[in-house]
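The paragraphs below go through this entry by chain, by interface and by helix pair. The structure comes first.

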Amino acid sequence: MISRLVVIAGFLALAASTVGIEAVSHRAGSRLVPLALLLRTVLSRRSARVAILLFWWWVGWHFLVEP
Amino acid sequence: MPSNNDGMAEHRRTRPSVIAAVWPSAAVLILAGSFHAYRGVPAEGIVFVLVGLAIAADRAGWLPRPRPHTFRLPDPRASAALAVLGAFALTVLPMRGIAEAVAIGAVGVLVMVVGWWQPDRTAAGSTERYRRTALLWCCVGVVVCLWELGVFLLADPPLHEYEYPAGRGLLLVVWIAVGLALLRWSQGGITKAAARAGPSGHTDASGDGRADPDIGA
């Protein structure tokens, strides 16, 4: 079994990665675009929009309602 | 000379419908739905599979085209206020009760309706920066899913919602705010900070040389 500490450390590392990527994307001359701009493009299509919105809704359901 | 829409319609007609139905979004949702069924929550599995099948059918042209409707959404400031108010309303409901389930379920139905009926847009996104960023976020997403899968199979979840009821309100605020932001972005609205960091380095987020009227929406 993976220890609780390792699990939490993994999630924290992933969270830090996402913050880092987003921070890099906002720097002048960055080779990345900010997540909001990327999502603006991705969400322009119904298929991706509905899928992403479903995942967003599920996060709320999973953490707040699901027993 | 045929319009762009004519070209797309022609493309749609000549492309085998079954292949068109095998769309990544649909495949991901059906895969996720199957996993929900495996982990013992068949209702969620059914929702994911049904939405995945609906997307596949829509892509294949088997569903009637919805009449596009652009919904009026709250601006960022109003969204923040709405998120706080909505979170407060949800926190007064009994935790994991019927009322809470109905409220969150209704939010899901409402968001799906808005997302489905919203018209598709032509958006920027073909540049190398967009492709590179999309690939990077896809990698992050896959790693998150694999880590979550590993935790599910090999360990106990590190956090249970009932272990941190004090943070529940904050989670709700963030959840609602993110949902409203996704809906705004799907209509083309972005934050000023994101626009400044955009491809052209100023408020022309679409790259078409014109100021974007949705900036800050």
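What percentage of the 217 residues of chain B count as buried? The figure is 23%. The model is a predicted one, and the values that follow are computed from it.

Chain B has nine helices and zero strands. Among the contacts in chain B with a separation of 6 or more, 64% join residues 24 or more positions apart.

One helix pair inside chain B can be described in detail. Helix α5 (residues 76-91) of chain B and helix α8 (residues 168-186) of chain B have axes that come within 8 Å and cross at roughly 135 degrees. The crossing of α5(B) with α8(B) is right-handed. On the α5(B) side, the residues that meet α8(B) are B:Ser79, B:Ala80, B:Leu82, B:Ala83, B:Val84, B:Gly86, B:Ala87, B:Leu90 and B:Thr91. Their partners in α8(B) are B:Arg168, B:Gly169, B:Leu172, B:Val173, B:Ile176, B:Ala177, B:Leu180 and B:Ala181. By class, this contact of α5(B) with α8(B) holds twelve nonpolar, four polar and one charged residues.

Chain A is divided into domain 1 (1-32) and domain 2 (33-67). The centres of these two domains of chain A, taken over C-alpha atoms, are separated by 19 Å.

Between the chains, 48 residues of chain A are in contact with 61 residues of chain B. On the side of chain A that touches chain B, the elements giving two or more residues are α1 (4-25), α2 (35-42) and α3 (46-64) of chain A. Of these, α3(A) gives the most, with 17 residues. The residues on that side of chain A divide into 31 nonpolar, ten polar and seven charged.

In one of them, α3(A) packs with helix α3 (residues 24-38) of chain B at an angle of about 25 degrees, and the axes are 9 Å apart. Angles under 35 degrees count as roughly parallel, and α3(A) and α3(B) are therefore roughly parallel to each other. The crossing of α3(A) and α3(B) is left-handed. From α3(A), the residues A:Ser47, A:Ala48, A:Ala51 and A:Leu54 meet B:Ser25, B:Ala26, B:Val28 and B:Leu29 in α3(B). The contact of α3(A) with α3(B) consists of six nonpolar, two polar and no charged residues.

The other pair brings back α8(B), the helix already described with α5(B). The axes of α3(A) and α8(B) come within 11 Å and cross at roughly 175 degrees. That angle makes α3(A) roughly antiparallel to α8(B). On α3(A), the contact is made by A:Arg49, A:Ile52, A:Leu53, A:Trp56, A:Val59, A:Gly60 and A:Phe63. On α8(B), the contact is made by B:Leu171, B:Trp175, B:Val178, B:Gly179, B:Leu182 and B:Ser186. By class, the contact of α3(A) with α8(B) has nine nonpolar, three polar and one charged residues.

Key
Residues numbered from 1 in each chain as written. Chains lettered and ligands numbered in written order. Predicted model: local features only at pLDDT ≥ 70, side-chain atom pairs only at ≥ 80, totals over all residues. Axes fitted to C-alpha atoms, helices over the stretch in contact; angles between N-to-C directions. Helix = DSSP H or I, 4+ residues; strand = E, 2+ residues; numbered from the N terminus. Left-handed = near helix turned anticlockwise from the far one by under 90°. Contact = placed C-beta atoms within 7 Å. Nonpolar A, V, L, I, M, F, W, Y, C, P; charged D, E, K, R; others polar. Buried ≥ 20, exposed ≤ 12 C-beta atoms within 10 Å, placed from the backbone. Domains from an automatic or database assignment. Parallel < 35°, antiparallel > 145°, perpendicular 65-115°, else oblique.
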